[in-house]
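Hi everyone, thanks for coming. Let me put the structure up on the screen, and then we'll walk through it together.

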Amino acid sequence: MQTLILARHGESEYSARGLVNGDASVEVGLTPAGEEQARALGRALRATRLDLCVTTRLGRTQRTAELALDGRDVPFESWPELNDPRAGAFEGGRLEDYRAWAWSTGSAEPAPGGGESRLDVVSRCAGAYRALLERPEPAILTVLHALPIAYLLRALDGKPPAARMDRLVEFARAYPVDTEALRGAVDVLEAWCTDPGW
């Protein structure tokens, strides 16, 4: 890999309502605005070489990628390691309730009701980013979710994950990262996973 382009999915039916979805078995589509955002991402990337597109297992990332790459011969793969967090008892509930829990608990504590801890989320995402570095395709588009992107953007600034991730990740905006920068960011995430600060 030489260039990784990160993009959040377009606005989803749940994100428009401030709801949580980390369960890939729950079908959550894009809103009409989200579909147009996905098409706009495609227009923005029209002149950009893309050798592979990696999405998550959640339908909103797959639909965004399909719309963005419509008419282009780019192979697709779906990686569950880049999924949004499994939210457990918060699934389908208000995002503000999940955030209130997340911001007040330690990183190793799983979400009640069978959800994931933030430590587990960062660890699997860091592993996926490390695996992307080893791919032979020079230019890879990944369509994923706000939190995995926010963790990486923060790490690109040399900062480990924080309990409260306030970084805005826009819908269907391209964030390009080169190999050297991505490797450094993954080092930051992996180092934090071995000694979490919260």
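**Rings, cores and a sheet**

Let's start with Trp-101, which is buried at a relative accessible area of 11%. Buried here means under 20% relative accessible area, exposed means over 50%, and partly exposed is in between, with a 1.4 Å probe and protein chains only.

Please keep in mind that this is a predicted model: local features need pLDDT of at least 70, side-chain atom pairs count only at pLDDT 80 or more, and totals for chains, interfaces and linings use all residues. Residues are numbered from 1 along each chain as its sequence is written, and side-chain values use heavy atoms, leaving out hydrogens and water.

What sits over the ring of Trp-101? The charged end of Arg-118 does, 5.1 Å from the ring centre. For a charge to sit over a ring, NZ of Lys or CZ of Arg must be within 6 Å of the ring centre and within 35 degrees of the ring normal. Arg-164 lies over the face of Trp-103 too, at 3.8 Å from that ring centre.

Now for rings meeting rings. How many aromatic pairs does a search of the whole structure find? It finds four. In one of them, the ring centres of Tyr-98 and Trp-101 are 5.6 Å apart and the planes make an angle of 40°, so this pair is tilted. Here is the rule: rings of Phe, Tyr and Trp (its six-membered ring) pair if their centres lie within 6.5 Å, and planes under 30 degrees apart count as stacked, over 60 as edge-to-face and the rest as tilted.

Where do Tyr-98 and Trp-101 lie? Both are in helix H4 (residues 95-103), three residues apart, which is about one turn of the helix. Helices (H or I, at least four residues) and strands (E, at least two) are DSSP runs, numbered from the N terminus. Tyr-98 has 9% relative accessibility, so this residue counts as buried. Another tilted pair is Trp-192 with Trp-198, at 5.4 Å centre to centre and 40° between the planes. Are these two buried or partly exposed? Trp-192 counts as buried because its relative accessibility is 6%, while Trp-198 is partly exposed at a relative accessible area of 25%.

Helix H4 also holds Arg-99, which counts as partly exposed at 40% relative accessibility. Arg-99 and Pro-80 are 19 residues apart in sequence and 22 Å apart in space, C-alpha to C-alpha.

Next, the inside. A nonpolar core is a set of buried Ala, Val, Leu, Ile, Met, Phe, Trp, Tyr and Cys residues joined through side-chain atoms within 4.5 Å. The largest one has 37 residues, and Leu-4, Leu-6, Tyr-129, Leu-182 and Leu-189 have the most contacts inside it. Elements that each supply at least two residues of this core include strand E1 (3-8), helix H5 (118-133), helix H6 (146-156) and helix H7 (179-194). The largest share, nine residues, comes from H5. There is also a second, separate core of 13 residues, with Leu-45, Leu-69, Val-74 and Val-143 among them.

Leu-189 is worth a look. Beyond its neighbours within four places in sequence, Leu-189 is in contact (heavy atoms within 4.5 Å) with residues including Val-122, Tyr-129, Tyr-151 and Pro-161.

On to the sheet. In what order do the five strands run? The sheet is open, with the order E3-E2-E4-E1-E5 and mixed pairing. E5 and strand E3 (76-78) are the edge strands, each pairing on one side only. Two strands pair if DSSP finds at least two bridges between them.

Let's zoom in on E2. E2 pairs in the parallel sense with E3 over three bridges, and in the parallel sense with E4 over four bridges. Thr-55 has Ser-78 in E3 as its bridge partner, Val-54 has Glu-77 in E3, and Cys-53 stands opposite Leu-141 in E4. In a regular strand, the side chains alternate between the two faces of the sheet. Both faces of E2 are covered: Leu-52 and Val-54 are buried on one side, and Cys-53 and Thr-55 are buried on the other.

One last stop. Most residues other than glycine have a negative phi. Ala-172 has a positive one, near 55°. This alanine is in the loop between H6 and E5, and counts as buried at 10% relative accessibility.
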